[in-house]
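Welcome! Let us walk through this structure together, one step at a time.

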Amino acid sequence: MASRGKSETEKLKQNLEEQLDRLVQQLQDLEECREDLDEDEYEETKNETLEQLKEFSKTLEHMVQGDMTLVDELNSMQLAIRAAISEAFKTPEVIRMFAKKQPGQLRQRLAEMERDAKVGKLPPDVYTQQRMEVLMALRKLGEQLKPEEANFLTTNSNAALSQFEKVSEDMGAGDKLLQVAGSQVAAAEK
């Protein structure tokens, strides 16, 4: 007991990160295999994964309310889950880096995307969406954006990303985030 729960907290955090990675990987695999599945299979599997993410988010919410040592890490994961559920972020890789607070890897991903876009490997619409996601994640992680990057965000911002940004700025104990994400999930299910 000399660790005062430190090792237990680290183990819990590691388990939660692994569960989040598994769910995000499941979404990524689903997107990669979309062509191999019929539309019903794709939608059913995607809905099941999103439901698992919702359940995981509820678990995190309970932990945030009861264990103050994990609040920052859990809020970060919860924000990433809400982004995935609300479809503000469509790229599982970006969700994963955001949840793990990896601004360096996000910057590297941004550079790779810019290179791929220049050589025509990445279609312009996909490049714009993914660049928006990476820049929004960097901003949420407190990274300083270049003026050109901030301008790109302003120019290309869509409703889902704008609402995600607004909610995460207003987030206190996570209540507002849960309310808005819940309304987005309910709207998406209609």
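**How the helices pack**

Helix 5 (residues 103-118) packs with helix 6 at an angle of about 160°, and their axes are 10 Å apart. An angle over 145 degrees counts as roughly antiparallel, so helix 5 and helix 6 are roughly antiparallel to each other. Their contact is made on one side by Pro103, Leu106, Arg107, Arg109, Leu110, Met113, Glu114 and Ala117 of helix 5, and on the other by Tyr127, Gln130, Arg131, Val134, Leu135, Ala137 and Leu138 of helix 6. Sorted by class, this contact of helix 5 with helix 6 has 10 nonpolar, one polar and four charged residues. The crossing of helix 5 and helix 6 is left-handed. Please keep in mind that this is a predicted model.

Now follow the chain onward. Helix 6 (residues 124-140) also packs with helix 7 (residues 147-156), here at an angle of about 120° and with the axes 10 Å apart. Helix 6 and helix 7 are therefore oblique to each other. This crossing of helix 6 and helix 7 is left-handed. From helix 6, the contact takes in Thr128, Arg131, Met132, Leu135, Met136 and Arg139, while helix 7 brings Glu148, Glu149, Ala150, Phe152, Leu153 and Asn156. Six of the residues in the contact of helix 6 with helix 7 are nonpolar, two are polar and four are charged.

Which ring does the charged end of Arg131 sit over? That ring belongs to Phe152, with the charged end 4.2 Å from its centre. Elsewhere, Arg34 lies over the face of Tyr42, at 4.0 Å from the ring centre. As for aromatic pairs, a search of the whole structure finds zero.

Note on methods
Residues numbered from 1 in each chain as written. Predicted model: local features only at pLDDT ≥ 70, side-chain atom pairs only at ≥ 80, totals over all residues. Heavy atoms only, no water. Phe/Tyr/Trp six-rings, centres within 6.5 Å; stacked < 30°, edge-to-face > 60°. Lys NZ or Arg CZ within 6 Å of the ring centre and 35° of its normal. Axes fitted to C-alpha atoms, helices over the stretch in contact; angles between N-to-C directions. Helix = DSSP H or I, 4+ residues; strand = E, 2+ residues; numbered from the N terminus. Parallel < 35°, antiparallel > 145°, perpendicular 65-115°, else oblique. Left-handed = near helix turned anticlockwise from the far one by under 90°. Contact = heavy atoms within 4.5 Å. Nonpolar A, V, L, I, M, F, W, Y, C, P; charged D, E, K, R; others polar.
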